[in-house]
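Please look over the structure below. The report that follows covers strands, loops and charged pairs.

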Amino acid sequence: MSGQSSSSRRDSDAFGGADSFEVLKVPPFHYLHVLDTNANTVSVIIGPRTVTCLEHQKVVFGPAKMVIIPPRHFVVVENPIMRKADPKDPLDVEIDKYGQYKLRHGDQEVRLEQDPFPLFPGERIVGRIEPLQVVEENCALRLRAKRDFKDRYAVDARTGQLIGGGLLRRAGDEWLFKGLATYIPQAEAEVVHTVKATILRPNQALKVRAKEDCVDHEGHKRKIGEEWLVRREGAYLPDVNEILVEVITATTLEEDTALHLRAIRNFRDAKGVDRTIGDRYMLTREDFSEYCPDVNEFITSVVKVTVLNNCQWCVIANPVGEDGTTNQLGVRRLIKGPAKFFLRPGESLDSQVQDVIVLSADEAILVRARESFNDGSRTRQPGDKFFVYGPREYWPPLEAEIVRYNIKAFVAIEPLNLYLFQPQLVVLAGGALLFLIMFYEQPVAQIRTAKRQALLSKNRQSTSQAGDA
């Protein structure tokens, strides 16, 4: 401000008379702008120098300090001067036919560390002198081209060396400047944002989606919208055409857990098996100790092992067939303990794990046949009802269902091992009472030995003679 005001005072004195002139001393590393009122052009004078302003000359700016850029700093200049090829003199610039400096109007230029330089008429500093940005390791700057240009700082990804002659960038192109390195800004490119690497720990994977057709870090061609997993441990820096979807943590498979999975598209799984869309399959610890599902499959459920001791049983509905993949719909399978198994995809327990039915000598159960089967003694037809007597362990077959539990004997003569079930009282001639033992299967009670069977026959004969009398 003081330099400009003193110049104004000098100007007023210099043009006060017809023969007046002014002598100005320009210090080192200073400059000023002098207007030629005859040609209506402005020239730049660089110090150290003594300038005599004639009658038709007028100082319009300065003396002012030259722009000094420290090491590892930069500045952006708007409407930069058009320089000649490899100029040694800072004033060796292009001039039009009128003697005016030629500027690249509306353009910008990034200037780095160099000798002090003046600002030509029309040039303007945008912002302030700033230090160059150091991009940290495992970070990158996402850059976008504002117009077509040749990237002078493009690096060959294979060799890590600068590409000779630069790399042509089209307007709208985006690329990454990866650290650890110093970013040198270019007027033709802008910084979109900073990208930080995702750290993948052991047993983790990163799901990535292609934003455009591209080539991934392993050299595989990817189509737009395609997803894949990055399983490499450590820092992963996504490319400009990659979108980070999520970090997936592997599921640990214990001895008592298994995974049910479903394929969402055709692919080859981690075991090398070709899967078709919709396929359901199971993985256990025998396959993998830890498993991270692929993008072409998803985990439908985590199942626990079913354990049966030697006194337990269960029924599996829709069991998987011998091919190991297809469910037998409508089929039921009885599993007796001891056993340990995982329910496969599509299978379910028809009921909870059941304990074997233990019948004492004075107990029975009533059973109904649901379909034709042979129980070992005779063929049962659908709808038949029959008793199962103790003492014994009873494993209900698939073809039958239990109607009543815990039927106690009406008469229990333990010394004779004689037990009578469900008697009916009948009035005979003469008012005598007779217990008739009614069974669905047998008209007599359950007898354990031949001797007691004979005793029961004898009692029947006595009862018959009394009736005849």
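Two strands pair if DSSP finds at least two bridges between them. Strands (E, at least two residues) are DSSP runs, numbered from the N terminus. This is a predicted model: local features need pLDDT of at least 70, side-chain atom pairs count only at pLDDT 80 or more, and totals for chains, interfaces and linings use all residues. Residues are numbered from 1 along each chain as its sequence is written, and side-chain values use heavy atoms, with hydrogens and water left out.

**Strands and sheets**

Strands of a sheet pair through backbone hydrogen bonds, either parallel or antiparallel. Strand 37 (residues 363–369) pairs with strand 42 in the antiparallel sense over 6 bridges. Within strand 42, Ile-407 is the bridge partner of Ala-364.

Strand 10 (residues 139–145) is mostly covered, with 6 of its 7 residues buried. Buried means under 20% relative accessible area, exposed over 50%, and partly exposed in between (1.4 Å probe, protein chains only). Strand 10 runs antiparallel to strand 15, joined by 7 bridges. Ala-140 has Val-195 of strand 15 as its bridge partner. Strand 10 also runs antiparallel to strand 13 (residues 174–178), through 5 bridges.

**Two loop residues**

Gln-186 sits in the loop between strand 14 (181–183) and strand 15 (189–196). Is Gln-186 buried or exposed? Gln-186 counts as buried, because its relative accessibility is 6%. Its side chain makes a polar contact with the side chain of Asp-151 at 2.8 Å. A polar contact is a pair of N or O atoms within 3.5 Å; within protein, one must be able to donate a hydrogen and the other to accept it, and residues adjacent in sequence count only if both atoms are side-chain atoms. Leaving aside neighbours within four places in sequence, Gln-186 is in contact with residues including Val-110, Phe-149 and Tyr-153. Contact means heavy atoms within 4.5 Å.

Gly-330 lies in the loop between strand 31 (312–317) and strand 32 (332–336). Gly-330 counts as exposed, at 68% relative accessibility. The C-alpha atoms of Gly-330 and Pro-319, 11 residues apart along the chain, are separated by 8.8 Å.

**Salt bridges**

A salt bridge is a side-chain nitrogen of Lys or Arg within 4 Å of a carboxyl oxygen of Asp or Glu. The whole structure holds 27 salt bridges.

| Pair | N to O distance |
|---|---|
| Arg-124 and Glu-78 | 2.3 Å |
| Lys-102 and Glu-94 | 3.8 Å |
| Asp-151 and Arg-169 | 3.1 Å |

Asp-151 lies in strand 11 (residues 149–151) and Arg-169 in strand 12 (residues 167–169), so this pair ties together parts that are 18 residues apart in sequence. Both Asp-151 and Arg-169 are buried. Salt bridges that share partners join Arg-104, Asp-107, Glu-109, Arg-111, Glu-123, Arg-147 and Glu-188 into one network.

Arg-124 is partly exposed, with a relative accessible area of 44%. Lys-102 is partly exposed at 32% relative accessibility. Glu-94 is partly exposed too, with a relative accessible area of 26%.

Notes. Helix = DSSP H or I, 4+ residues; strand = E, 2+ residues; numbered from the N terminus.
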